[in-house]
Amino acid sequence: TRPLRDTGPSIPKEKKANSRLKQIEKEYTQKLARSSQIIAELQTTISSLKEESSRQQLAAERRLQDVIQKFEDEKQQLIRDNDRAIKALQDELENRSNQVRYGEKKLQHKELEAQEQMTYIRQEYETKFKGLMPASLRQELEDTIASLKSQVNFLQKRASILQEELTTYQGRR
């Protein structure tokens, strides 16, 4: 059996162990304080980053809204420009249509003037011609003209009938 050790000199060992425990406790307290400080700094950094992110997001949203508004404004301007261009073209078309109508009326007026002049000249010629031609010759010529008109009408009707008969005959073959 072994002899028991003397417990007498163990007090310095207890002091040493106590001292060592206090040293370890102090180190862990310092580490805890440093860790708490680091955690607080990180939380501050996280909070700052969140605020910065929020500010940047708001700024990005504002820029997006500005861009959307700019495009909307440009779209509205293009619509207004297009409407003005369409109105100008419609006005030009109406102006040209009015010019065409005016030209057509002017042409009709000129045609009527020409017809009136032709009628006037014909009447004047007939008046002069009557004075130069004996009445019996004039009557004979008018009768001849009427007879020729009648013969032409008769021949046109006869040609039409013969054409129909020819068409019918060819249809049977």
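A salt bridge here is a side-chain nitrogen of Lys or Arg within 4 Å of a carboxyl oxygen of Asp or Glu. The structure is a predicted model, in which local features need pLDDT of at least 70 and side-chain atom pairs count only at pLDDT 80 or more, while totals for chains, interfaces and linings use all residues. Residues are numbered from 1 along each chain as its sequence is written, and side-chain values use heavy atoms, with hydrogens and water left out.

**View 1. R84 and D81 pair in a salt bridge.** The closest N and O atoms of R84 and D81 are 2.4 Å apart. Both residues belong to helix α1, 3 residues apart, so about one helical turn separates them. Helices here are DSSP runs of H or I with at least four residues, strands are runs of E with at least two, and both are numbered from the N terminus. With a relative accessible area of 33%, D81 is partly exposed; that label covers values between buried (under 20%) and exposed (over 50%), using a 1.4 Å probe and protein chains only.

View 2. As background, side chains of opposite charge can pair when their charged atoms come close. For the whole model, the count comes to 5 salt bridges.

**View 3. I38, L42 and I46 make a nonpolar surface patch.** The patch has an area of about 280 Å², and one of its residues, L42, lies in helix α1, which spans residues 10–132. Patches are built from residues with over 30% relative accessible area and no salt bridge, joining like charges within 9 Å and nonpolar side chains (Val, Leu, Ile, Met, Phe, Trp, Tyr) within 5 Å. Accessible areas come from the Shrake-Rupley method with a 1.4 Å probe, and for residues only the protein chains shown count as cover.

**View 4. Residues 138–172 carry a UniProt annotation, "coiled-coil region", from an unreviewed entry.** Over this stretch the chain is 100% helix and 0% strand. Its end C-alpha atoms lie 51 Å apart. UniProt positions follow the numbering used here, feature names are shortened, and annotations may be inferred rather than shown by experiment.
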